[in-house]
Amino acid sequence: MPIPKKFCMPDIPKYNGTTDPNEHINSYTCVIKGNDLNDDEIESVLLKTFGETLSKGAMIWYHSLDPNSIDSFVILVNTFVKAHTGAIKVATRKSDVFKIKQRNDEMLREFVSRFQMERMELPPISNDWTVQAFMQGLNEKSSIASRQLKQNLIEYLAVTWSDVHNRYQSNIRVEDDQLGAPLGSVHPIRFVAQPPRDTNREPRFNKERYQSYADRRNSGLSRNTSRSDRRNDRG
């Protein structure tokens with residue numbers, strides 16, 4: 001069945017083979033079925049206009065299909081999804097960024113460092129996903145700095161990871177103040193507790209230090225007298 005003359009191809013984002021193919025199929029079918037077409041016309045349009053929604057690697061795949069090998073949209077969908085299974089795995093791994101959560105006992109600087117390390121182990125992730133995942137992962141119970149940063153990101157939505165990191169640098173000062181660390185230090189100061197003083201032990205006084213001037217003078221005279229007596233005995 002030919003494509004009906006009344007059909008006008010809607011503007012559909014082209015699929016290039018790097019994202020989940022199922023999402024593209026769902027978007028494509030919803031848009032086509034939204035037109036004023038009967039069931040037979042929908043099947044024909046879905047099958048014959050699908051190639052117009054592809055680009056780059058997906059377009060190369062489409063043109064490599066054997067002629068007359070696809071005679072229904074169901075077969076086309078199954079072949080299409082099977083050919084782009086790798087893209088599904090990549091898309092699934094990208095979503096793992098939303099699993100990075102700040103623990104209750106994890107300070108803000110520690111969470112930011114771990115978030116960046118785990119994000120780098122995943123396939124390239126867009127800025128909007130990164131910002132959204134980080135904001136959702138912040139735990140307001142962990143510290144005042146985390147709570148203030150999350151409130152700031154909710155009130156003034158960040159667009160890029162650089163924007164998020166700049167705001168983090170400002171809020172980390174709050175955490176440094178809490179821990180007694182100097183401004184901009186990498187590691188907070190850890191105060192070492194001094195051992196408690198033994199209050200039961202009697203204090204030792206330096207008797208000579210607290211002697212009166214007269215007592216010290218008399219003591220000196222007695223020592224001098226003893227020395228004179230010893231010299232006289234020798235003589």
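**View 1. The accessible surface of the whole protein.** The accessible surface of this predicted model comes to about 16,600 Å², and carbon and sulfur atoms hold 51% of that area (Shrake-Rupley method with a 1.4 Å probe; for residues, only the protein chains shown count as cover). Of the 235 residues in the protein, 33% are buried (buried is under 20% relative accessible area, exposed over 50%, partly exposed in between, with a 1.4 Å probe and protein chains only). The protein has ten helices and zero strands (DSSP runs numbered from the N terminus: helices are H or I of at least four residues, strands E of at least two). Among contacts with a separation of 6 or more, 61% join residues 24 or more positions apart (contact means heavy atoms within 4.5 Å).

Residues are numbered from 1 along each chain as its sequence is written, and side-chain values use heavy atoms, with hydrogens and water left out. This is a predicted model, where local features need pLDDT of at least 70 and side-chain atom pairs count only at pLDDT 80 or more, while totals for chains, interfaces and linings use all residues.

**View 2. Helix α1 against helix α2.** Here the axes of α1 (residues 21–33) and α2 (residues 39–49) come within 10 Å and cross at roughly 135° (axes are lines fitted to C-alpha atoms, for helices over the stretch in contact, and angles run from 0 to 180 degrees between N-to-C directions). That angle makes α1 oblique to α2 (under 35 degrees is roughly parallel, over 145 roughly antiparallel, 65 to 115 roughly perpendicular, and the rest oblique). On the α1 side look for Y28, T29, I32 and K33, and on the α2 side for I42, V45, L46 and T49. This contact has five nonpolar, two polar and one charged residue (Ala, Val, Leu, Ile, Met, Phe, Trp, Tyr, Cys and Pro count as nonpolar, Asp, Glu, Lys and Arg as charged, and the others, Gly among them, as polar).

**View 3. Helix α1 against helix α4.** Now α1 packs with α4 (residues 73–83) at an angle of about 150°, their axes 9 Å apart, and is therefore roughly antiparallel to α4. P21, N22, H24, I25, Y28 and T29 of α1 meet F73, V77, F80 and V81 of α4. By class, seven of these residues are nonpolar, three are polar and none is charged.

**View 4. A look at E118.** E118 belongs to helix α6 (residues 108–120). Its relative accessibility is 29%, so E118 counts as partly exposed. E118 and I100 lie 18 residues apart in sequence, with 7.9 Å from C-alpha to C-alpha.
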